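This report describes selected local features of one protein model. The sequence and the structure are shown first, and the description follows.

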Amino acid sequence: MCYKRKIPYIIICEGQSEYAYLQELNRFLRNIDFSITFIPKIIGTGHCNDAISKYKQIKKDSPRSSHIYIWVDKDTYMRNNCNYGDNYQKKSSNIPNFLFSYYNFEDFLVMHLEEKDVLLWQNICQNHNHFTNPIHSEQIESLIKQNIFSGYKKGKIPFIITQKHIDNLLQHQENHDIKFKCDFAKLLSSYNS
């Protein structure tokens with residue numbers, strides 16, 4: 001059997017949840033003979049300066065790699081926790097624009113579900129003013145357990161990725177009525193054609 005060479009995409013990500021997602025996504029993509037593979041590298045935080053440091057380290061270790069991305073949640077940048085947003089605006093031009101989950105990773109996971117579930121989650125988030133002042137992670141985790149994924153735990157993906165999940169994600173990414181978006185989904189979409 002002949003396999004085509006996979007193009008490695010290094011994804012510098014916040015933590016264990018993104019890492020677990022990328023591993024699960026790679027499993028799915030192997031089964032459909034997708035042309036790229038994702039190599040997750042954990043930062044351990046979403047802090048802008050830590051993400052930039054990790055990028056510089058990986059770029060130094062892999063100078064010929066042209067596919068290195070930083071994927072973090074937008075919520076802390078919007079709230080400007082520890083000056084994340086200010087620091088991001090000041091980053092040098094040799095640092096790529098980050099891929100953001102609007103507003104956090106749990107929102108991104110919900111985008112893989114059927115539209116009725118996404119709209120339910122969107123309504124819950126709207127009621128908590130999530131789109132102007134994003135909900136903190138502890139409260140998001142509690143709300144998502146109560147309403148969407150009953151056994152949800154950070155670092156674990158609450159479903160096995162199927163083509164339907166990917167189709168849902170990409171459809172919701174394009175749907176202007178859905179307020180959750182993710183730049184990583186845009187990246188995935190550009191290779192899904």
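## Asparagine 129 and the basis of the report

Just after helix 6, asparagine 129 takes a positive phi of about 60°. Helices (H or I, at least four residues) and strands (E, at least two) are DSSP runs, numbered from the N terminus. Asparagine 129 is placed in the loop between helix 6 and helix 7. Asparagine 129 counts as partly exposed because its relative accessibility is 43%; buried means under 20% relative accessible area, exposed over 50%, and partly exposed in between (1.4 Å probe, protein chains only).

The model is predicted: local features need pLDDT of at least 70, side-chain atom pairs count only at pLDDT 80 or more, and totals for chains, interfaces and linings use all residues. Residues are numbered from 1 along each chain as its sequence is written, and side-chain values use heavy atoms, with hydrogens and water left out.

## Helix 6

Helix 6 comprises 13 residues, 115–127, and reaches 18 Å from its first C-alpha to its last, close to the 18 Å expected at 1.5 Å a residue. The expected span of a helix is 1.5 Å times one less than its number of residues. Within helix 6, the residues Val118, Trp121, Gln122, Ile124 and Cys125 are buried. Seen down the axis of helix 6, these buried residues fall within an arc of 160°, so they line one face of the helix. The arc is that of the directions from the helix axis to the C-beta atoms. An α-helix has 3.6 residues a turn, so residues three or four places apart point the same way.

The exposed residues Lys116 and Asn127 are carried on the face of helix 6 turned away from its buried side. The cover over the buried residues of helix 6 includes helix 5 (105–110), helix 7 (137–147) and helix 8 (163–174), where contact means heavy atoms within 4.5 Å.

## Helix 8 and asparagine 168

The 12 residues of helix 8 should span 16 Å at 1.5 Å a residue, and its end C-alpha atoms are 17 Å apart, which agrees. The buried residues of helix 8 are His165, Ile166, Asn168, Leu169, Leu170, His172 and Gln173. Among the elements that cover these residues are helix 1, helix 5, helix 6, strand 5 (181–182) and helix 9 (183–190).

Asparagine 168, in helix 8, counts as buried because its relative accessibility is 4%. Not counting residues up to four places away in sequence, asparagine 168 touches Met111, His112, Leu113 and Glu114.

## Asparagines around helices 3 and 4

Two asparagines belong to the loop between helix 3 and helix 4: asparagine 80 and asparagine 83. Asparagine 80 is partly exposed at 25% relative accessibility, and touches Gly85 and Asp86 when residues up to four places away in sequence are not counted. Asparagine 83 has a phi near 65°, a positive value in a residue other than glycine, and is partly exposed at 41% relative accessibility.

Asparagine 87 lies in helix 4 and is buried, with a relative accessible area of 19%. Leaving aside neighbours within four places in sequence, asparagine 87 is in contact with His47, Cys48, Asn49 and Cys82.

## A cis peptide bond

The peptide bond from tyrosine 102 to tyrosine 103 is cis, with omega near 25°. Tyrosine 103 lies in the loop between strand 4 (99–102) and helix 5. Most residues other than glycine have a negative phi, and most peptide bonds are trans.

## Proline 40

Proline 40 is placed in strand 2 (residues 36–42) and counts as buried at 10% relative accessibility. Proline 40 and isoleucine 10 are 30 residues apart in sequence, yet 6.0 Å apart in space, C-alpha to C-alpha. Proline 40 touches Ile11, Cys13, Tyr19, Leu22 and Gln23, not counting residues up to four places away in sequence.

## The largest pocket

The largest pocket holds about 370 Å³ of space. On a 1 Å grid over the protein atoms alone, a pocket is an open set of points where a 1.4 Å probe fits, with protein on both sides within 12 Å along at least five of seven lines; lining residues have an atom within 4 Å of a point. Grid points are joined across faces, edges and corners, and a volume is the space filled by probe spheres set on the points.

The lining of the largest pocket has 22 residues, of which Glu14, Asp73, Thr76, Ser137 and Lys154 lie nearest its centre. Helix 1 (16–31), helix 3 (75–79), helix 5 and helix 7 each supply at least two residues of this lining. The lining divides into two nonpolar, 12 polar and eight charged residues. Ala, Val, Leu, Ile, Met, Phe, Trp, Tyr, Cys and Pro count as nonpolar, Asp, Glu, Lys and Arg as charged, and the others, Gly among them, as polar.
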